[in-house]
Amino acid sequence: MKKGQIVEGIVKEIQFPNKGMVEVEGEERKVIVKNVLPGQKVKASVNKIRKGKAEGRLLEVLEKSQEEIESACPHFHDCGGCTYQNLPYEKQLELKANQVKVLLDPVCESYEFEGIKASPCQFGYRNKMEFSFGDEYKEGPLALGMHKRGSFYDIVTVKDCQIVDGDFRKILEAVLEFYQQQGAKYYHKLSHQGYLRHLLVRKAVKTEEILIDLVTTTQTEFCGGEETTQLTELSALLQSLDLKGKIAGILHTQNDKLADVVQNDHTDILFGQDYFFEELLGLKFRISPFSFFQTNSLGAEVLYDTARSYVGETKDKTIFDLYSGTGTIAQMLAPVAKHVIGIEIVEEAVEAAKENAKLNGLDNCTFIAGDVLKAIDLVEEKPDFIVLDPPRDGIHPKALEKIIHFGVEQMVYISCKPTSLARDLEILQAHGYMPEKVCCVDMFPGTVHVETICKLCRK
């Protein structure tokens, strides 16, 4: 097998997060190909060979899998947002649960695997979308949506996206048509010239409040008109839309950073306010445009309710909520705990956590802004229980050492990337923390992502 070779084969399995293992007749090694399903016969071009592994780019699905179905989304084959929408939902759940188990079984001595819990909604579940401006092909008309599958530059206008509700779609179409008529130019990643960058839309499931934020550069010469007049007209247009939800605020954020991410240099309120409210498990949360909040509100209730059941009895206990974000987990536990201390590196998230604790009348929560590695040294209290909810890369080894050194009897680890969880579990077990039970929660139907909750007990 060599680079550039065209191969055909059967997809034998999918390894997390999206690695299809293709068995090619006459070849010892399998070829890793993304965006495929088990049982498909595919054609791929080998584009990388290293350390005995071969990677290929999907060219064509020659034969469908027996389990394959037609995706409900017309953008599925072009958009890079979803991967498994052409698989029945029960099969998606089965696939994700198996992927997690395959990762954990080799590193865990023994544990009870409680399977996977489904998202309450398979479609229309997202409460946040970051749409990008661009074009579908070079020099094509203005587009607004998601990156094209396998492309860093091309954008697919996802006006019929199925993982959001109708209000998102109406807002996207209205904003796109408005700026198409204005002749505005999107921000080019190579030339660093242009005006339009992103459209951020957030909507609460329980309160149905909507926050809309247009993200642009300060290069107003590319906006196609007088900026202040345009923004006033856009705000009025959005307020006139026939939406099921209620617009809480319309914002304009300026971002001149080179990185292709939604960032905030400066934000103006065009209408309403710069926050909205969502409710989870009887608690109320104030959410700003850039604060972290689980993107599937109903799924988050399943996740946190499961985590809360794993924590168990908390009366008279001091709990550390490490990597606490906006303090959601801390506030779920606070009503039945002595004291909950949350540590989070993002200062905006910590401020939001403090505001939300006040909003919910909780006076036994303390939130500290800082890197867990350093911040836990500043806390005088010692924990009786630790909840871990780290970012995708998992826990820094030195931070993990300090966490282990507290010597608590039990911990709960919530992971959004099972490969990181498997790595950290090896270290935890070496220090006597054994996984007692594991449960997966599907927060992102149709995609490769899965949340995993693990309860650890000190032996």
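1. A polar contact is a pair of N or O atoms within 3.5 Å; within protein, one must be able to donate a hydrogen and the other to accept it, and residues adjacent in sequence count only if both atoms are side-chain atoms. In this predicted model, local features need pLDDT of at least 70 and side-chain atom pairs count only at pLDDT 80 or more, while totals for chains, interfaces and linings use all residues. Residues are numbered from 1 along each chain as its sequence is written, and side-chain values use heavy atoms, with hydrogens and water left out.

2. The side chain of S65 has a polar atom 3.0 Å from the backbone oxygen of P38 and a polar atom 3.2 Å from the backbone nitrogen of E67. S65 is placed in the loop between β5 (53-63) and α1 (89-104); helices (H or I, at least four residues) and strands (E, at least two) are DSSP runs, numbered from the N terminus. With a relative accessible area of 7%, S65 is buried (buried is under 20%, exposed over 50%, partly exposed in between; 1.4 Å probe, protein chains only). Apart from neighbours within four places in sequence, S65 is in contact (heavy atoms within 4.5 Å) with P38, G39 and Q40.

3. The side chain of E67 also forms a salt bridge with that of K91 (3.3 Å, N to O). E67 lies in the loop between β5 and α1 and K91 in helix α1, so the pair ties together parts 24 residues apart in sequence. A salt bridge here is a side-chain nitrogen of Lys or Arg within 4 Å of a carboxyl oxygen of Asp or Glu. E67 is partly exposed at 36% relative accessible area, as is K91 at 25%.

4. The structure holds 18 salt bridges. One of them joins the side chains of D165 and K203 at 2.7 Å, N to O. This pair links distant parts of the chain, with D165 in the loop between β9 (155-157) and α2 and K203 in strand β10, 38 residues apart. D165 counts as partly exposed at 24% relative accessibility, whereas K203 counts as buried at 6%.

5. The UniProt record, an unreviewed entry, places the feature "active site" at C416; such annotations may be inferred rather than shown by experiment. C416 is found in the loop between β20 (410-415) and α9 (418-430) and counts as buried at 15% relative accessibility. Leaving out residues up to four places away in sequence, C416 touches P390, P391, R392, V450 and E451.
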